Amino acid sequence: MDGKENSILLALRQIISAVSLKSSFEEAIASLVEKIRSTMHTDCCSLYLLNARKTVLSLAATDGLSKESIGKASLQLGEGLVGLVGQKEELINLADAPSHPNFKYLPDVGEDEFLSFLGVPVINQGELLGVLVVQCKENRQFDEQEETFLITLSAQIASIISVNRSTKEATIENVKRYKGKNGSGSIAIAQAVVWKPPVNFDTIQIMYSQDKDIQSELFHQTVFQLQTEMDMANLRLQEHAHQKASSGYMSGYGSMLDDISFEDDVDNAIFSQGYVAASAIKVVADKRIKDCMDNGQEDKAHDIRDFASILITRLVHLLPKETDISSPVVLIVKSMPAALVAEMPRNKIAGFVCVDNATSSHTAILARDLGIPAVIDVNLDINNVDGHTVIVDGQNAEVLVDPSSSVIDEYMQLISQSRQLHDLFEQDKFEKGITKDGQRINIQLNAGLNHEDDDLAAQTDGIGLYRTEISFMLNSSLPTEDQQTNWYSSLLSQFTNLPVCMRTLDVGGDKGLPYLPIEEQNPALGWRGIRVCVDQPNILKTQLRAMLRAHMKYGNLEIMLPMISRLEEVLIVKRILNESIHELEDQYQTKITRPKLGVMIEIPCVVYVLDELASECDFFSIGSNDLIQYLFAVDRSNPKVSKFFDPFNPAAVRCFKYIAQKTHDLNKPLAICGELAGSPLGALLLLSLGYKNLSMNYSQIARVKYITRHVNLQDLMAIGEKALTLNSSVKIKSLYVEYATAHGLMGVIDPKNFR
Ligand code: PEP
Ligand code: MG
């Protein structure tokens, strides 16, 4: 390169225009590396592209290395120099590459003779796509102008690569990949079995019969049979430690089964209109569905439809039988009533894919709770997958159809890695979260659906967040005080001697109750959390009384208030809490120990009134999901903007530090219970900022405990100080990646996802 600026620009322009003239992507990148190599007078130029799972960089084009290695040579993110450029998303410029500790020799690619190395990340809109590398045989230090040239070029080619990436992936990996909106559980690989309801609710023909008594008898028999089967399914679920989920959802259907007016209406349709039983059910259900839709009760409409579909299916004796499935399969359905999900033969279903949007319905909740790898709301043509090999990746909400053997190998490795990690974590399961330098970190559970695991209390330091709304969501109407008292007592009794922090009802936003519909233009900024409870004090009071009644017996309750934005809200709740305590003391003639009261920090404005709030509460707990959502004005469930949901952004890091420092000065305990606390790298960040109470979902407890037990808090705190001085998320995140790498924790930090 001649070093003159305009000649650099000219060279850049020539390369880009030559590349864009090529008709295929392969030709374009082959020409790109050739041109870069000759323009920069190097001995080699190569382009590595990141696979769709963002785990592996594969050689996609080269001028200088063996062409045979294209599509074969690959490095994990973080592996070798190329992997390091990708992982850190930073340029590496070395005159003597083989002497770098991360240098990795790849046999058969022909890079033996190369000494110098200049690698830059290829990034499009914040997303890493690959790594561009030039190498020389001589010991040459690339100068600043050469660095700038390669960086500028990589930025320009990023968009071309981005456009072609999906096609390229499909060719390299030979796989059809479908993204779902909601995933849960781990990974399953098996043959697909597509289940289609034998009778379609929408298309069932309306038919008439003279045998009205027989039709009515058939209908009542079916209802009775379904009731018996549901009771049995309920029992089965209880045996499998999913009591809370099952009882909640069963009561949804149960109430319909017990709904005499439904049976009367169907009988009426049979006797007065002469319909056959199935048609009568359809007619009655259609009317009820319409009424629900008119009242905005979409979930209830779904339930009625599911319920009617089951009855109709039973009537024509066509329900799928367990015995139809011989070995574990991936069950693919367009939509499936929750009752059938609950009845799924657990040992024969390796994975579950539901095409329709059932995100908020019982189906999704139940699949998640049963622990089957599942992907929901995925745009997949179910007519073309029966019998095909399918991978269900619940972690990434992806379904892969007809994966090549190399893709299957990659996923098998992930399955085996997660099994190995599971075994590793099991060893420390009952230990406490104590860092290597002896600092005690509390690791608590976020609960919603109870895990009836006898050991659970012994594995945790109590419950840091109990999302009471989940039980409300699974109920068919507002639960009574007695019903709630039973729920809360059962939880407190499971954790005796440990704190159980129950959050008052947090509905609205993305969490709807079928019997309390909230229709809003902008629900995230609307009537949600404590706002609903303050406006509906009866709901709040019933809940507080139920919590207190459970507390009277077990004494380990803490109460926490979600979505607080004003001091007044805390004062109102305190008044209702005091009233409830006095009433119950009178009623039961006993003294009640006041449970500790906490305020959630989820809306950024409260950060500025911590002094005032501190004098009215006993502790604070950060809901990082909402705090980040509102701090960055980024919808927490919109994948299009997920890159802005960034806890490593300097603003977020400084905000977390400020809250930790301020609550420390105020002498108020602080916990954090959003997803960040359970994300391995997030936990490192929080520890480094002084957080000592982390609350997370059950699936994260063992991993975070392991990490806690393998770090030195003092070292981490020094990293936290450094993080506060940095100006970009990438730089901050690298600090923690480096620390994890240096302490052999990188394999434990989610191997594919550094969030
Ligand atoms: C949070 O916002 O971080 C939180 C814990 O509450 P939820 O996710 O239930 O809104
Ligand atoms: Mg929240």
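User: What are the ground rules here?
Analyst: It's a predicted model, where local features need pLDDT of at least 70, side-chain atom pairs count only at pLDDT 80 or more, and totals for chains, interfaces and linings use all residues. Residues are numbered from 1 along each chain as its sequence is written, chains are lettered from A and ligands numbered from 1 in the order in which they are written, and side-chain values use heavy atoms, with hydrogens and water left out.

User: OK, which protein donors does the magnesium ion have?
Analyst: Glu602 (OE) and Asp626 (OD), lying 2.0 Å from ligand 2. Donors are N, O and S atoms within 2.8 Å of the metal (3.2 Å for Na, K and Ca), and water is not among the atoms, so the site may look incomplete.

User: Where do Glu602 and Asp626 sit in the chain?
Analyst: Glu602 is in the loop between strand 18 (596–601) and helix 19 (610–614), and Asp626 is in helix 20 (residues 624–631), 24 residues apart. Helices (H or I, at least four residues) and strands (E, at least two) are DSSP runs, numbered from the N terminus.

User: Is Glu602 buried or exposed?
Analyst: Buried, and so is Asp626. Buried means under 20% relative accessible area, exposed over 50%, partly exposed in between (1.4 Å probe, protein chains only).

User: Switching topic: why does Ile92 count as buried?
Analyst: Because its relative accessibility is 12%.

User: And what does Ile92 touch?
Analyst: Leu81, Leu84, Val85, Phe117, Leu118 and Gly119, leaving aside residues up to four places away in sequence; contact means heavy atoms within 4.5 Å.

User: What comes just after helix 17?
Analyst: Gly555, with a positive phi of about 75 degrees.
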